[in-house]
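Dear colleague,

Please find below the structure for your review.

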Amino acid sequence: MSTGTSVRPAGSRRALRSGGIRWAPYVFLTPFVLLFLVFLVAPIVTALYTSFFAVERSGLGFGNANESVFVGFDNYVRALSDSGFVSSFGRVLLFGVVQVPVMLALSIALALVFDSAVVRWKRFFQLSVFIPYAVPAVVATLLWGFLYQPRVSPIVELLESLGVSANFLAPGTVLWSIANVTIWSVTGVNMIIIFAALQTVPRDMYEAARLDGAGELRMALQIKLPMVLPAIFLTTLFSIIGTLQLFNEPMTLRSITSNVTGDYTPNMSVFTATTLGGNINLGSAMAIILGLVTFGLSILVSVVSNRRRGATR
Amino acid sequence: MARKLKSRLTTALALATGPVLFLAACGGGDDDSGAAANEGPVTIEFWGWVPGLEEAVAQWNEENPDVQVEFFRMTGDDGDKIPAAIDAGTAPDVVQMSVHSIPGHIVNNRLTELTDIAGDWEDRFTPSSWGSVVFDGALYAIPQDSGPTGLMYRTDIFAQHGVEVPTTWTEFVEAGRALKAADPALTIAQFSPNETGFWIQSVWQNGGSWNGIDGDAWTVNVADEHSLEVAEVWQTLLDEELVTTVEMWTPEYWAAINAGTIATVNYAAWFPVLLEESAGATAGNWAVAPSPTFDGEESAGDTGGSVNVIPAGTEHVEQAAAFVEWLNTSDEGLEHLINGGIFPSAVAGLEHEALMVEEPFFGGQVINEVFADAALQVPATWVDGPTFELTQNALKDEFAQVANGRKTFAQALADLESRTVADLTGMGLSVSE
């Protein structure tokens, strides 16, 4: 940013200030820093602290003092030896490996189509693709849940009339039914991000390409895509984080099918440990583990993205 | 470039710590009670969810100028706030909660023991509801409502196929076979892995319980002979496809009920009103019979209901208890509760005229006669444990595998037992074999 180059009226105003301390930046920063400390740093520190303690109980647990004692990494060991919690990471990673590329491919394709001149009623269709993002995840899942259920779903009925017996809620398919809901929800917003990036590509590059005899497809693949790569990496990063934190959709679908287990995703395990099990300490440890994994994956994506961008320049 | 990476990392950190934030919101604080108890009117805060409690509170307040009750209607997830509120010392003085969640609160020192104040109220409540609020000889809650079971069945379907209404579980299986033989699309009941109440009521009816107390240790009985007998019935029903697997409360479930492909619902006294709400088109075709019994044993099941507790740290325990006593045992209080649509745990409530009304949906039958008889036949055997919610959650997962044919009921219960033992010992509690 070019903060240093701003023009300052000479003398008069500056003289009013004592010692020339520039306090304005700090005033502007204060709200952010305060909120950052209270709602981000403090909770992380609290969770970290809590995760190293456990409530001491004995016997029936009646009339115990219920004091928290330091237990070191016990909660972490317990979390990592919980096969349901550990395998939920595998499940969301598998989910992400499929859902993120499919969703991004759709977003990119839609953005490119909207960017090309061939679409009529562009605004209408753009809005249509975007609208699902405005539907809360719980509502979206209830809506899709209705479409997944036999007896009430027109989709299942249609498939059955064609001789296909579809079970969207079976143990093997329910994960992809959830993926479908999230793809439906977030494709639009990622499309907008990539589309916005496409708008910043200088139009004269297209003219030059056209003069060199490049068709629309070639321009899309060799000019537009490389130019919006940063935006694609950004959406990838957000999608991966979103995948690891999957909660609303599977939690809502659990009321429709028991094939979504109580520890289906890492966040659902945290919910089970804290809200159902009342064990804040174990839940904190699980949350810290989830945070670390997410952080690690995010760094990985950032590093890869920076390498790639270094290479293309 | 470096700055960009840094800001990206900050973003990543911010997003990654979401769950931590979520947790921190559940943290506790210090007790802030200690306001001086003055002479003059005392104010009591009451959280509950029974429809019409506002009117009950209004009547109490009019008659008791010295003890004024402020009512807060609980909706949605309000129950989840209770633990944090008690730990923070900001809890109401009287709270309605599920009977199953009592021990989880006791082990966290969140409830006031009521033995001295209300220990001799035992005779005023049904034996089963009283049995569920006393732990190791100590009373922690006052029963409010319960869910004794009855067999709601389609009179037209049973008549059409000439099948007798079953009175034992053996007859129930046979009736299921007869109905299926008459109409392959017809099932006598449904299996809903998520609806644990079906399981609990049958285990309870058979004299079982998930937990028990043995000296200074908890027992885990989820896979004992009482449960295994229930498992046998359900394994047969499932294996012979006499039941359809569908989650309760879903559109799919109500579609099946309305289409008349599920012939019976053996469930709690609070279910009929919900049945009428969602299956109005089937009005007049239902009746309620006593639940089938485990061969000859005169007993009924129960899903468990709700109780009133007085959280720890409450200043005006006696006044709070007086209000709870009036609400749950007096004629006026019970009338409000019954009109609110719940089935009272108090014996006086079972004979209350407000309860004994003819139900047009059930062809004019006074269905609560059946449920009132059942309420007195429920064995006083059920004891909840501190990990009830986890056990219930695990049961859903285990039964999902039963529905998928990956486990039998017996295997699922064995796994449920080891999970429950692990959860209890994980809390630092003793478990007796």
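A salt bridge is a side-chain nitrogen of Lys or Arg within 4 Å of a carboxyl oxygen of Asp or Glu. By this criterion, the side chains of Lys407(B) and Glu398(B) form a salt bridge, at 2.6 Å from N to O. Please note that the model is a predicted one.

Lys407(B) is buried, its relative accessible area being 17%, and Glu398(B) is likewise buried, at 3%. Both belong to a network of salt bridges that also links Arg254(A), Asp397(B), Asp415(B) and Arg419(B).

Beyond its neighbours within four places in sequence, its contacts include Val260(A) and Met268(A), together with Asn194(B), Asn393(B), Lys396(B) and Asp397(B).

Over all chains, the structure holds 14 salt bridges. Another pair is Lys81(B) and Asp78(B), at 2.8 Å from N to O; Lys81(B) is partly exposed at 43% relative accessibility, whereas Asp78(B) is buried at 8%.

Turning to the nonpolar residues, the largest core has 103 members, of which Phe46(B), Ile102(B), Trp199(B), Leu237(B), Phe399(B) and Phe409(B) touch the most others. Helix α14 (residues 317–329) of chain B contributes the most to this core, with 7 residues. Because domain 1 (42–146 + 304–361) and domain 2 (149–301) of chain B both give residues to the core, it lies between them. A second, separate core of 34 residues includes Ala47(A), Leu169(A), Ile178(A) and Tyr264(A).

Yours sincerely

Terms used
Residues numbered from 1 in each chain as written. Chains lettered and ligands numbered in written order. Predicted model: local features only at pLDDT ≥ 70, side-chain atom pairs only at ≥ 80, totals over all residues. Heavy atoms only, no water. Contact = heavy atoms within 4.5 Å. Core = buried A, V, L, I, M, F, W, Y, C linked by side-chain atoms within 4.5 Å. Buried < 20%, exposed > 50% of the residue type's maximum accessible area, 1.4 Å probe, protein only. Helix = DSSP H or I, 4+ residues; strand = E, 2+ residues; numbered from the N terminus. Domains from an automatic or database assignment.
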